[in-house]
Amino acid sequence: AQRINDIDTDVLVDKLSMNINDFNNLAEHDIDGACNYITDALRGAAASRQKKTSKPWFTKDCYELQRTVKASHQRVRVHPNDSNREEYCQLKRTYISLLRSKKSSYEAQKEQNLIDRCEADHTVFWNITKAKRQHSAPQQVASEDWSSHFSSLLTRDVDTKLPVLP
């Protein structure tokens with residue numbers, strides 16, 4: 001179901017106002033057709049949402065255990081007793097452990113694939129390294145600043161005592 005905030009009002013106004021005469025004629029003779037016309041206009045103006053995609057390591061096992069954990073949590077909220085709470089805590093621990101293992105195995109597999117690609121073609125490694133490198137301009141310090149800084153360091157008073165380290 002689309003929310004009203006997701007509707008592109010400009011598209012809706014254009015769609016409804018372009019054929020207002022057709023709509024008036026339709027409304028006089030066929031109220032169901034007029035309702036369908038408005039419904040189609042609203043659906044056409046509704047902003048399409050992109051399908052939510054999960055992480056690549058989030059498998060069917062993760063999804064099923066997630067649903068089980070949510071159901072258990074709901075049971076705890078409706079019937080808060082020790083056995084339900086213990087079951088929920090155990091399921092949640094198992095779920096978190098599964099997520100960590102899936103994610104780490106996915107990252108290890110991805111790393112191995114990268115190593116294999118780099119061993120097969122050394123330019124892949126250097127292209128990745130070059131892309132990751134930060135290209136920042138070196139700081140330019142005026143020579144007068146360097147000179148005054150080192151002069152101040154070298155012309156300390158002899159009476160100034162430096163702290164003694166233990």
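Predicted model: local features only at pLDDT ≥ 70, side-chain atom pairs only at ≥ 80, totals over all residues.

Me: What share of the residues in the chain is buried?

Reply: Of the 166 residues in the chain, 14% are buried. Taking contacts in the chain between residues at least 6 apart in sequence, 57% join residues at least 24 apart.

Me: At what angle do the axes of α4 and α5 cross?

Reply: The angle between two helix axes describes their relative direction. Helix α4 spans residues 60–78 and helix α5 spans residues 82–120. Their axes cross at roughly 160° and come within 9 Å. An angle over 145 degrees counts as roughly antiparallel, and α4 and α5 are therefore roughly antiparallel to each other. The crossing of α4 past α5 is left-handed.

Me: Which residues in α4 meet residues in α5?

Reply: On the α4 side, the contact includes Asp61, Cys62, Leu65, Ser72, Arg75 and Val76. On the α5 side, the residues include Asn84, Glu87, Tyr88, Leu91, Thr94, Tyr95 and Leu98. Sorted by class, the residues of the contact of α4 with α5 are nine nonpolar, six polar and six charged.

Me: Is Ser72 buried or exposed?

Reply: Burial is read from the relative accessible area, and buried means under 20%. Ser72, in helix α4, has a relative accessible area of 1% and is therefore buried. Beyond its neighbours within four places in sequence, Ser72 is in contact with Asn84, Glu87, Tyr88 and Leu91. The Ser72 side chain also reaches the backbone nitrogen of Tyr88, at 3.5 Å.

Me: What does the side chain of Asn84 reach?

Reply: Asn84 is found in helix α5. Its side chain reaches the backbone oxygen of His79 at 2.9 Å. With residues up to four places away in sequence not counted, Asn84 touches Ser72, Arg75, Val76 and His79. Asn84 is buried, with a relative accessible area of 14%.

Me: How many residues apart in sequence are Leu65 and Leu91, and how far apart in space?

Reply: Leu65 and Leu91 are 26 residues apart in sequence, and their C-alpha atoms are 7.9 Å apart in space. Leu65 lies in helix α4 and is buried, with a relative accessible area of 16%. Apart from neighbours within four places in sequence, Leu65 contacts Leu91, Thr94, Tyr95 and Leu98.

Me: At what angle do α5 and α6 pack?

Reply: Helix α6 covers residues 122–132, and α5 packs with α6 at an angle of about 120°, with their axes 4 Å apart. That makes α5 oblique to α6. In this contact, Leu114, Arg117, Cys118, Glu119 and Ala120 in α5 meet His122, Val124, Phe125 and Ile128 in α6. By class, the contact of α5 with α6 has six nonpolar, one polar and two charged residues.

Methods:
Residues numbered from 1 in each chain as written. Heavy atoms only, no water. Axes fitted to C-alpha atoms, helices over the stretch in contact; angles between N-to-C directions. Parallel < 35°, antiparallel > 145°, perpendicular 65-115°, else oblique. Left-handed = near helix turned anticlockwise from the far one by under 90°. Contact = heavy atoms within 4.5 Å. Nonpolar A, V, L, I, M, F, W, Y, C, P; charged D, E, K, R; others polar. Buried < 20%, exposed > 50% of the residue type's maximum accessible area, 1.4 Å probe, protein only. Polar contact = N/O pair within 3.5 Å; in protein donor to acceptor, adjacent residues only side chain to side chain.
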